[in-house]
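Opening the notebook on this one. I wanted to look up the cavity first, then the aromatic rings.

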Amino acid sequence: MPRVLSGIQPSGDLHLGNYFGAVRNWVADQERADAFYCIVDLHALTTSIEPGQLRRQTVDAACVLLAAGLDPNQCTLFVQSHVPAHQQLTWLLECTATVGELRRMTQFKDKGGGQETVRVGLFTYPVLMAADILLYNADQVPVGDDQRQHLELTREIAIRFNNRYGGVFTVPEATIPKVGARVMDLQHPERKMSKSVSSPLGTVGILEAPEEIERKIKKAVTDTDGEVRYDPESKPGLANLLSLLAASTDGRPEQLAENYDRYGDLKKDVAAALIEALRPLRERYAELDADRGEVLRLLGLGAVQAREVANETYARAADAVGLLAEP
Ligand code: TYM
């Protein structure tokens, strides 16, 4: 069985990009892989999140992931900070990665890379992410397209470390879905749907009410040529809607386009398909939300399982670099 690991930040309401780019595939992967899924609260500290909000959103994220179908009997779901080895391994990897590599990360550049006031944690963010992955000897990492560069860096770091110290780490691969890997903002279809860029009409939350989903899809930006065709270059808004329809109906955007003559009809079907795809999740979320004690218990069990694997890998890495074992 391949080992799979992925992570998600608890930094606000999860949206359609998170769902179709990642979470939905996590649910499928738990059946065919030995899967570890991590709520990366330490990564969320690179933003200006309030302490109470971080705590609350960490549990919210767990509720959403469980509602989406993660089953703690089939996968290990845990909170990153509950496994101290993530921070311990990060240091060893920071002594392997280079400043030049980290400077080239587009996410860092996009979030104000050149400024003196930017947090050090934002700069070293990809190294912590590499630690998340390498600690679990993951073969595959299911992510959206925006994480591709971070995965490349993780591979580079793993290979360099292995070359220098012996084969400690598995070199992972990104698994990026064919449809849904890049869900775009409904109002600005040239940029990805995102938690951090505030675009209330452009972003659809996984738990949003059906009427809101309908309203936002109806208002989604398209173009004026009036022809329904899948062309992400010259018709990004329409291509995004077709991709969302494809992602929620398991179809292909090029083919689906042939069924429509009018943008309005397409929008109606996109909204209906999204509402239907998310309905079970919304219903289960309400149940889990009412029993947060149980969710915390499950996270506790996940942490125990995760620590077992992570501590073993960290001990091997620490030994390989020459740290003296505790007498
Ligand atoms: P995060 O929390 O931003 O997003 C979680 C997952 O959702 C995907 N995603 C998208 N997919 C398609 N379209 C979009 N608009 C969209 N927006 C987000 C992301 O690609 C991701 O798969 N650095 C990571 C979290 C992380 C991680 C890890 C991931 C930390 N450690 C280890 C994998 C393995 C992040 O910020 O994801």
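Cavity lining first: I get 5 nonpolar residues, 2 polar and no charged for the largest cavity (Ala, Val, Leu, Ile, Met, Phe, Trp, Tyr, Cys and Pro count as nonpolar, Asp, Glu, Lys and Arg as charged, the others, Gly among them, as polar). The model is predicted, so I keep to pLDDT of at least 70 for local features and 80 or more for side-chain atom pairs, while totals for chains, interfaces and linings use all residues. Numbering runs from 1 along each chain as its sequence is written, and side-chain values use heavy atoms, with hydrogens and water left out.

Who lines it? I noted Met105, Gln107, Phe108, Leu122, Tyr125, Pro126 and His150; lining means having an atom within 4 Å of a cavity point, on a 1 Å grid over the protein atoms alone, where a 1.4 Å probe fits but cannot get out. Helix 7 gives the largest share, 3 residues (helices are DSSP runs of H or I, at least four residues, numbered from the N terminus). The space comes to about 40 Å³, taken as what is filled by probe spheres set on the points, joined across faces, edges and corners.

Next, rings. I counted 7 aromatic pairs (Phe, Tyr or Trp six-membered ring centres within 6.5 Å; planes under 30 degrees apart are stacked, over 60 edge-to-face, the rest tilted). Tyrosine 19 and phenylalanine 20 pair edge-to-face, at 5.2 Å and 65°. Phenylalanine 108 and phenylalanine 123 sit 4.9 Å apart with planes at 55°, so I logged them as tilted. Phenylalanine 108 is in helix 6 and phenylalanine 123 in helix 7, so the pair ties together parts 15 residues apart in sequence. Both phenylalanine 108 and phenylalanine 123 are buried (under 20% relative accessible area, with a 1.4 Å probe and protein chains only; exposed is over 50%, partly exposed in between).

How values were computed:
Helices (H or I, at least four residues) and strands (E, at least two) are DSSP runs, numbered from the N terminus. On a 1 Å grid over the protein atoms alone, a cavity is a set of points where a 1.4 Å probe fits but cannot get out, and a pocket is an open set with protein on both sides within 12 Å along at least five of seven lines; lining residues have an atom within 4 Å of a point.
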